[in-house]
Amino acid sequence: KWEENRSVKRKEVSTNMKTPGEIVHSARIAFQSGRTKSLEFREKQLRNLLRMYEENEQEMLEALKRFEQKQNGSDFKEWAQPEKATRGLPNIMDEALIYKDPYGVVLVIGAWNYPIQLTLIPVSGAIAAGNAVVIKPSEISPASAEFIARTIPKYLDRECYQVMCGGVAETTELLKEKFDYIFFTGNTSVGRIIHAAANKHLTPVTLELGGKSPVYLDDTADIDVATRRILWGKCINAGQTCIAPDYVLCSKQTEAKFIDSARNVLQEWYGKDPQKSPDLCRIVSDNHFKRISKFLFNGKIVVGGTADAEERFIEPTILTDVDGTDPVMQEEIFGPILPIVNCENVDDAIKFINGREKPLAFYIFSKNKSQVDTLLENTTSGGVCVNDTLMHLTLPSLPFGGVGTSGMGAYHGKYTFDTFVHKKSTLVKTLNKFGESLQSSRYPPYTEKKLNF
Ligand code: NAD
């Protein structure tokens, strides 16, 4: 809603008028000046970023502040210190350290579905780690992109942190430049393009991608609680969440109980006419509306099913009699449609999940601990949440990221800082005669005595 209102009111989008080459060049000169490495400078920029959230609260999604700015506000100073590594007897007189070097000039490319949070959380980590940053927000959420482009230069150093707006053409140009790290959030097919572009310069990447996150629901679960938690994960942002539960795996028997419960829960949350509910948002674009609404022709609609192209509204919908080969099961849904695929037991579910690409999240609803353990031990996913959806994302102590086609690398909390530093192994040896005598066996001639040492 905020995005739509802002679009209506939008003044001219303030774009960085420099070319991609000029942006990266000036960010590199700023990095080479060494100022991004000063802990005081980093702290000041992070405090300014916090101030930007506080002073623009009305304009911004609150989530970012809640999530993790606090961690980067001051904890980063401790994380930035060289870390002492363990030493063995031969190095007892030496110092073994891991330095946290900033990579240099980092590119952060954001997605539209949580446009401020997904763009600025990595940016805060990159600043804390001492990098210069080029920020490319998503053009699909133009009001947020405009907000970032307009506001960041007011609060942060203008050379070290630069924003470039634009879509595919502009990003393609930007990607021709050499970066020292690229952090991308978006879909898997664009992730491949980013990876290929980074590969030309051997630039390391974090790819935060998407995929089909399954839910396993068995009859030991409290169905009413499970239903609320599954539907909340599916309906928030109208299913346009990277870790939204994509589909449910359960038996026919559990399916019947789930559907009964879902009807009650949806009625309680959104009333008789969900389109009038102020708590259901719309699909981001006409293209996405067309893509998602086609899925309403898969399987059998048992809950919901209405759609209105004019408003880009799709009612929360549950589909049964869905087959693994149906179109709705071939791509990430990213909308409020929840297909149910029947499986009779844990082994069937494991086979189904492992027969597909590795998901970003996996949700298990069961009170049977041994079944939960079997599922955890025999499947791989970016993350898992047992007996809830989405909530694993809220713990800064848990690394957040995908595996296989759902992504590479992870962030949140200290992991965000770690993403943006090169860990430089450093051994500092003494330079005295006694230390040298301890090591003399490494020098030739390799006499019998030395070889037996
Ligand atoms: P997207 O991949 O379409 O766009 C992301 C960014 O890539 C945008 O800034 C866009 O301008 C740029 N881009 C798009 N096409 C490009 C191209 N051909 N060349 C270069 N750059 C290009 O993703 P989206 O639609 O904004 O976001 C939705 C997707 O992102 C979903 O798949 C979702 O699961 C995923 N996602 C993942 C996470 C995560 O943390 N893992 C979070 C949010 C969204």
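In the predicted model, Ile-318 touches Leu-231, Phe-258, Ala-262, Lys-300, Ile-301, Val-302, Val-303, Leu-338 and Ile-340, when residues up to four places away in sequence are left out of the count. Together with Ile-152 and Leu-217, Ile-318 is among the residues that have the most contacts inside the largest nonpolar core, a set of 73 residues. The greatest contribution to this core comes from helix α5, which spans residues 117-128 and supplies seven residues.

The protein chain as a whole contains 16 helices and 18 strands, and its C-alpha atoms fill a box of roughly 85 × 60 × 35 Å along the principal axes. Of its 453 residues, 52% count as buried, while the accessible surface comes to about 21,600 Å², with 54% of that area belonging to carbon and sulfur atoms. When contacts between residues at least 6 apart in sequence are considered, 71% of them join residues at least 24 apart.

A disulfide is a covalent bond between the sulfur atoms of two cysteines. A search of the whole structure finds zero disulfides. Cys-235, for instance, is in no disulfide, and the nearest cysteine sulfur, which belongs to Cys-281, is 9.8 Å away. Cys-235 counts as buried, because its relative accessibility is 4%, under the 20% limit. For Cys-242, the closest cysteine sulfur is that of Cys-385, and the distance of 14 Å is too far for a bond, given that a disulfide requires sulfur atoms within 2.5 Å.

Most residues other than glycine have a negative phi, and most peptide bonds are trans. Asp-321, although not a glycine, has a positive phi of about 55 degrees, and Phe-334 likewise has a positive phi, near 55 degrees. Asp-321 is placed in the loop between β13 (317-320) and β14 (337-342), and Phe-334 is also found in the loop between β13 and β14. Asp-321 counts as partly exposed, because its relative accessibility is 46%, whereas Phe-334, at 14% relative accessibility, counts as buried. The peptide bond from Pro-444 to Pro-445 is cis, with omega near 0 degrees, and Pro-445 lies in the loop between α15 (433-438) and α16 (448-451).

Note on methods: Residues are numbered from 1 along each chain as its sequence is written. This is a predicted model: local features need pLDDT of at least 70, side-chain atom pairs count only at pLDDT 80 or more; totals for chains, interfaces and linings use all residues. Side-chain values use heavy atoms; hydrogens and water are left out. A nonpolar core is a set of buried Ala, Val, Leu, Ile, Met, Phe, Trp, Tyr and Cys residues joined through side-chain atoms within 4.5 Å. Buried means under 20% relative accessible area, exposed over 50%, partly exposed in between (1.4 Å probe, protein chains only). Helices (H or I, at least four residues) and strands (E, at least two) are DSSP runs, numbered from the N terminus. Contact means heavy atoms within 4.5 Å. Accessible areas come from the Shrake-Rupley method with a 1.4 Å probe; for residues, only the protein chains shown count as cover.
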